[in-house]
Amino acid sequence: MEVVSLTASTDPDAARKRDALLRDIAASADPSSFWLGRASEVAWQRVPTRGLDAADAPTYRWFADGTLNITESALDRHIAQGNGERIALVWLSEDLTERRECTYAALLAMVGQAANALRARGIGVGDRVVIYMPLVLEAMVAMLACARIGAVHSVVYAGLGASALRSRIEDAGARAVIIADYGMRRGGRTDLLAIGREALAEGCATVTDAFVLRRDRNAALPSLGARTVLDYADACATQAHEAPFAIVEAEHPLFLLYTSGTTGKPKGVVHVHGGYAVGVAYHMRTFVDVRPGERYFATSDIGWIVGHSCMVYGPLMRGLTTVFREGGLDHPSPGVLYDAIARERIGALFTAPTALRFLMKYGNEQARARDLSSLRWVMCAGEPLNPEVYTWARRELCGDTRGNVGDNWWQTEAAAPCVGTPPGFAAKLGTVGLALPGVHLRIVRPDGTNADAGEAGALYVTAPFPHLFRTVWGDDERFRASWDEHGYRTGDAGIRDEDGYVTILGRTDDVIQIAGHRIGSAEIENALLEHPHVAEAAAIGIPDPLKGEILVCFVTLRVGAPVPDDATAHFGKHLRATFGPIAVLAKATIAAALPKTRSGKIMRRVLRARELGLDEGDISTLDA
Ligand code: AMP
């Protein structure tokens, strides 16, 4: 395996960072005192004296006697320290013709108004608020406003469709929704309001208030049944800028973020104010490692955990300036991301392998035609980073010696990087890197014994850390079922080599990873079953050089149902309308029957083997 040494030998800053991280790795053998020591990185109203409370394991609690509100660390603290005029957030439009920035002081004022607008409708501590908005400043303000009043936000990615949105609103028992009229993608508008209206047209009985951000000020406010519909901007504009934050217990829920698991029911991953703040602030400082005064650009979306931790809470807690851009990666031109990096003089970039593969696809000229000399640190998460892409990104984006590329592995449940190659550490191509401080891992064989170095197995987190999820919303059983005698089962398979470098082999469950987005087979199948002609459905992911995986489906039709001329186009359209545009269907096959186990479970593994032209025995048992 090729080892690429980074700037460690020549960059004293990176070397210092590496030594500090190595000390932290040693210290984190005692998680409770390690993390209690890190608690001072955030602002508390009552400073905790206790670290880990394992009395109700695996429901671990952290900092139980502490009280806080995460928005104090993200906002008020910077103003109190005299940094109110520092730019907090910079929004860029898809074609870069529009740009909005706001200082920490301005952001606090906007959050205050939004918090007061929510409070004016009686929304308060513990109420769930679903946010269905594109990547705009107002969406981040909405998240922070919920946190400020102790309400629990649940951002639903604006690429999901009406039934996915409805099931999340219902599962959360949301009291209110905040919806935008449209999002911009590839030069066109996605009509989010129409999707929101359709979602709210049935069920969603707990929603009493809907706030609508009208980016198009001429559009009419919709009526949404008996609910109170408010213009979001007007509701905020009439409020005072100051809104005292609600002081909550460390274990008070901050947000739910729905992700995919093995069942069709979306999984509402719960994170809390205290532990999440401490863990995210720590990894933001040590791994994401943006230097003082440096510009930081993240290409994720608030609909994902990377967006929550590395675009909103993490950078704001660290007092950084974060640049983000609404829209498609390569629209209106293949060089648009480079233009953004060059214009904004970006030093650190958080992105995904898919984005790098897109850039690579367009060749070197695009990168070489721009001045990327500010860029020194590119972080990549969400799916495996192929060695070719690593080497290309290091050479073309970071000029080989000027900077480096760091892979990192985590998931919605873990809230922050767990395994990675931090600045100052040598990269081993094809591996993600080392377990980061506070993260204890084990690779387990199918028979439950520990795998040897170099041997594949199921990847477990063996010790709790403060920012590991607390439960699955409304379903403690499901949460507990993801733990066993080895610890928390991540759902991934991995290998660790003799030096401790971990390679991720992919999911061990039926989760498909399209362009870094996690989609459950079962959720796609449920959406297909909503089609009146579909009797049975199976969804699988097939490896793809650009997107990691692509979606392939098999359906059997009801007796007498018409056979569509073009099954891919037909069911693709249906999936777009139900699950949402994120579910791009690469191929649909109409089958006479689906392969099943004796108990009637569809054998997706067999379908995958057939699709790949493999002998069925070639598929790893880990994939079962
Ligand atoms: P999500 O919860 O949507 O962030 O998806 C998490 C899943 O993405 C993980 O369980 C992995 O399967 C995959 N993943 C995330 N980061 C990486 C990475 N650096 N390398 C390989 N797979 C990754």
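## C204 and the rest of a predicted model

Visitor: Where is the place of C204?

Guide: Helices (H or I, at least four residues) and strands (E, at least two) are DSSP runs that are numbered from the N terminus. This is a predicted model, in which local features need pLDDT of at least 70 and side-chain atom pairs count only at pLDDT 80 or more, while totals for chains, interfaces and linings use all residues. Residues are numbered from 1 along each chain as its sequence is written, and side-chain values use heavy atoms, with hydrogens and water left out. With these conventions, the place of C204 is in the loop between helix 7 (192–200) and strand 12 (209–213).

Visitor: What is the phi of C204, which is not a glycine?

Guide: C204 is buried, because its relative accessible area is 2% and buried means under 20% relative accessible area (exposed is over 50%, partly exposed in between, with a 1.4 Å probe and protein chains only). As for its backbone, C204 has a positive phi, although this residue is not a glycine, and the value is about 50 degrees.

Visitor: How many disulfides are there by the rule used here?

Guide: A disulfide is a pair of cysteine sulfur atoms within 2.5 Å, and by this rule the count comes to 0. C204 is in no disulfide, since the nearest cysteine sulfur, that of C146, is 17 Å away. C398, which counts as buried at 0% relative accessibility, is likewise in no disulfide, and the nearest cysteine sulfur, that of C380, is 10 Å away. The count of disulfides therefore stays, by the rule of 2.5 Å, at 0.

Visitor: How many helices and strands are in the protein, and what is its radius of gyration?

Guide: There are 18 helices and 34 strands in the protein.

Visitor: What share of the residues of the protein counts as buried?

Guide: The C-alpha atoms fill a box of roughly 70 × 60 × 60 Å, taken along the principal axes. Contact means heavy atoms within 4.5 Å, and residues 24 or more positions apart account for 71% of the contacts with a separation of 6 or more. Of the 624 residues, the share that counts as buried is 61%.

Visitor: Which residues does Y338 contact beyond its neighbours within four places in sequence?

Guide: Y338 is found in helix 11 (residues 336–344), and this residue counts as buried because its relative accessibility is 1%. The C-alpha atoms of Y338 and R558, which are 220 residues apart along the chain, are separated by 50 Å. Leaving aside the neighbours within four places, Y338 is in contact with L359, Q366, A367, R370, L372, W392 and L397.

Visitor: What do the buried residues of helix 14 pack against?

Guide: Helix 14 (residues 387–396) has V389, Y390, W392, A393, R394 and E396 as its buried residues. These buried residues pack against strand 1 (3–4), helix 11, helix 12 (353–361), helix 13 (364–368), strand 21 (404–409) and strand 23 (427–428).

Visitor: Which residues does S521 touch, not counting those up to four places away in sequence?

Guide: The place of S521 is in helix 16 (residues 521–529), and S521 is buried, with a relative accessible area of 2%. Not counting residues up to four places away in sequence, S521 touches D510, I512, A539 and R604.

Visitor: Where does P332 lie, the proline joined to H331 by a cis peptide bond?

Guide: A cis peptide bond joins A57 and P58, with omega about 5 degrees, and P58 is found in the loop between strand 2 (52–53) and strand 3 (61–62). The peptide bond from H331 to P332 is also cis, with omega near 5 degrees. P332 lies in the loop between strand 18 (321–325) and helix 11.

Visitor: What is the phi of F63, a residue other than glycine?

Guide: The place of F63 is in the loop between strand 3 and strand 4 (67–68). F63 is buried, with a relative accessible area of 0%. Its phi is positive in a residue other than glycine, and the value is near 55 degrees.
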